[in-house]
Amino acid sequence: MPGVLLARWAAVTAALACAAVPVCTAGPPSAGRDTGPARSALLRPEGHHDRGAAGRGAARLYGPEAVQAVPTVGVLSNTTAAEGVPASVAEGARYVPGSNVLRLASGRLMYLPADRTASAVVAADHLPAWWQIARSRDWLASGRVPGRTPAQRTAAERALLAMRALLRPNGAMAAGWSPGWKYSWPRDSSFASAAFAHTGHDAEAYRILRYSAATQRADGTWEARTKLDGTGPPDGRRRQLDADGWVPWAAWQWYRTAPPATRTVRLAALYPMVRKAADHAAGSLRADGLPPASPDYWELTTPAANIGTAAPLLAGLNAAADLAREADRPAEAARWSTAARRLSAGIAARFAPVGYQRTADGRHGHDSAVAFMAPPFNAAPADLPRALDATYRALLLPSGGLTPGNDPAAPWGGSAWTPSTAFFALAWAASGKHGKARPVLEWVLSKQNSLGELPEKVDRRGRPSSVAPLAWTGSIAVLALVALDGTPLPTPPPPQ
């Protein structure tokens with residue numbers, strides 16, 4: 001999750017102002033392209049999942065060579081290329097329903113033509129734009145749009161279209177389409193794969209998993225994030241061990257929804273990735289059954305094992321063991337089930353007594369990652385409902401959303417973070433506690449910006465802030481809506 005920047009975002013100095021038909025290529029300097037590698041500067045690492053506000057122990061500070069751009073508020077896409085929409089362009093605009101085509105305040109359409117990397121502003125009846133709209137609507141109709149109310153379905157539709165826009169042809173899932181977010185995180189990608197799988201978009205879900213397989217390191221781990229072309233990490237931030245849990249969990253979620261006629265053969269292509277991840281996860285466990293101290297989803301290293309790593313690894317080991325049984329690999333299933341039992345016992349012995357707080361020593365406060373101990377990730381321990389309630393109360397801000405945690409060594413300020421808030425909606429929805437889940441999810445959905453995109457953060461005054469759309473928030477919201485529709489989200493079975 002992005003850290004707190006020490007500099008304001010600079011203002012956009014150019015806006016789209018196009019009168020020609022059919023194509024206008026003028027646009028904001030950062031639209032649709034990266035700003036290049038980072039260099040040492042007086043900024044904390046810019047972008048999604050950065051290291052947080054704590055200055056203690058920060059190895060380096062990074063900043064882009066170019067001036068930081070205002071975060072996007074929307075995204076255009078032709079499914080092969082994308083372009084961010086700045087706030088100056090979005091004013092008075094709306095997406096044409098069921099598409100990533102904008103209807104501007106003038107009534108003209110703005111879209112990304114096929115085989116182009118720059119947007120066009122065209123007449124309202126421009127046929128190629130309407131063909132793109134029709135194909136986008138066909139894609140939505142090929143799956144399911146969850147939600148019990150028109151507002152929920154509209155939000156789910158927008159989230160799915162944003163996720164599709166951020167997905168690259170090679171399977172890389174961009175966290176967002178602003179400099180610093182235009183990278184693929186295994187964590188976010190795994191949630192997006194699961195959301196696509198549970199809404200009937202099998203091809204997209206599987207494509208993400210294939211990208212994860214292609215970018216896995218030889219030791220079974222993943223970089224914290226990769227460039228969208230898969231060539232490697234954009235900086236030297238430390239790897240996070242939780243990816244070895246998230247990716248097998250996502251593969252299991254895909255397998256549970258995949259067409260039975262083809263899923264066995266397609267699982268065989270993913271299985272080496274699952275095996276390497278599960279073996280690394282199992283091998284990382286210490287004598288007490290817990291993984292080592294590692295950067296968590298805050299991208300901050302903790303002095304003791306953290307729940308943001310331990311819980312995903314437990315989900316991944318259970319998922320891998322079940323996939324091994326499906327692949328007729330009983331020895332591997334037994335090995336990973338044994339590791340899962342050790343990890344589960346370690347969590348019960350060290351995290352449960354402190355209410356599943358951020359670290360096993362109980363010295364770093366509450367953490368929204370407590371939700372990772374609940375379905376659809378893990379079968380909830382008997383004492384988890386009380387811990388979920390206590391953590392939610394501890395992290396609740398006056399705006400109605402949650403701060404990721406209250407570790408005094410890593411303050412997040414007064415902004416609410418939509419992923420952390422949505423974690424609880426998903427945990428309660430997947431646990432059948434719909435009465436608790438609905439108001440939390442409704443708060444998240446109420447913070448859509450003027451284009452209907454879900455932002456990363458909500459400021460003290462309750463306004464959307466930071467980048468939008470954020471793939472992670474959209475994925476969590478879609479999964480929660482699936483569960484609230486009455487379709488149980490499966491949870492990897494615990495070891496017998």
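In S7, the bridge partner of Leu-102 is Met-110. These two residues belong to strands S6 (residues 102–103) and S7 (residues 109–111), which pair in the antiparallel sense over two bridges; two strands count as paired if DSSP finds at least two bridges between them. Helices (H or I, at least four residues) and strands (E, at least two) are DSSP runs, numbered from the N terminus. Helix H2 (residues 127–141) packs on the sheet and touches S6, S7 and S8, a contact being heavy atoms within 4.5 Å. The direction of H2 makes about 65° with that of S7; axes are lines fitted to C-alpha atoms, for helices over the stretch in contact, and angles run from 0 to 180 degrees between N-to-C directions.

The sheet in question is open and has four strands, in the order S5-S6-S7-S8, with antiparallel pairing. At its edges are strand S5 (94–95) and strand S8 (120–122), each of which pairs on one side only.

The model is predicted, and local features need pLDDT of at least 70, while side-chain atom pairs count only at pLDDT 80 or more and totals for chains, interfaces and linings use all residues. Residues are numbered from 1 along each chain as its sequence is written, and side-chain values use heavy atoms, with hydrogens and water left out.

The secondary structure of the protein chain comes to 13 helices and 13 strands. Of its 496 residues, 60% count as buried, where buried means under 20% relative accessible area, exposed over 50% and partly exposed in between (1.4 Å probe, protein chains only). Among the contacts in the protein chain with a separation of 6 or more, 66% are between residues 24 or more positions apart.

A second open sheet has three strands in the order S11-S12-S13, and its pairing is antiparallel. Strand S11 (416–417) and strand S13 (464–465) stand at the edges with a single partner strand each, so one side of each is left without a neighbour in the sheet. Strand S12 (residues 457–458) pairs with S13 in the antiparallel sense over two bridges. In S13, Ser-465 is the bridge partner of Lys-457.

The aromatic side chains come next. The structure holds 25 aromatic pairs. Rings of Phe, Tyr and Trp (its six-membered ring) pair if their centres lie within 6.5 Å; planes under 30 degrees apart count as stacked, over 60 as edge-to-face and the rest as tilted. Phe-191 and Trp-249 form a tilted pair, at 5.6 Å centre to centre with 50° between the planes. This pair links distant parts of the chain: Phe-191 lies in helix H4 (residues 186–198) and Trp-249 in helix H6 (residues 243–257), 58 residues apart. Phe-191 counts as buried because its relative accessibility is 0%, and Trp-249 is buried with a relative accessible area of 1%. Trp-249 also pairs with Trp-246, edge-to-face, at 5.9 Å centre to centre and 75° between the planes. Both tryptophans lie in helix H6, three residues apart, about one turn of the helix. Phe-191, Trp-246 and Trp-249 belong to one aromatic cluster, whose members also include Tyr-297, Trp-298 and Phe-372.

Two arginines are placed over aromatic rings. A charge sits over a ring if NZ of Lys or CZ of Arg is within 6 Å of the ring centre and within 35 degrees of the ring normal. The charged end of Arg-358 sits over the ring of Trp-298, 3.8 Å from its centre. The ring of Tyr-255 has the charged end of Arg-263 over it, 4.2 Å from the ring centre.

His-201 is found in the loop between H4 and helix H5 (202–215). Why does His-201 count as buried? Its relative accessibility is 2%. Leaving aside neighbours within four places in sequence, His-201 is in contact with Trp-139, Leu-140, Ser-142, Gly-143 and Phe-196.

Helix H9 (residues 330–350) has 21 residues and reaches 30 Å from its first C-alpha to its last, close to the 30 Å expected at 1.5 Å a residue; the expected span is 1.5 Å times one less than the number of residues. Buried residues of H9 include Glu-332, Trp-336, Ala-339 and Leu-343. Helix H7 (260–284) and helix H8 (307–326) are among what covers the buried residues of H9. Ser-284, in helix H7, is buried with a relative accessible area of 15%. The C-alpha atoms of Ser-284 and Ala-339 are separated by 9.8 Å, although the two are 55 residues apart along the chain. Leaving aside neighbours within four places in sequence, Ser-284 is in contact with Leu-241, Leu-290, Pro-291, Pro-292 and Leu-313.
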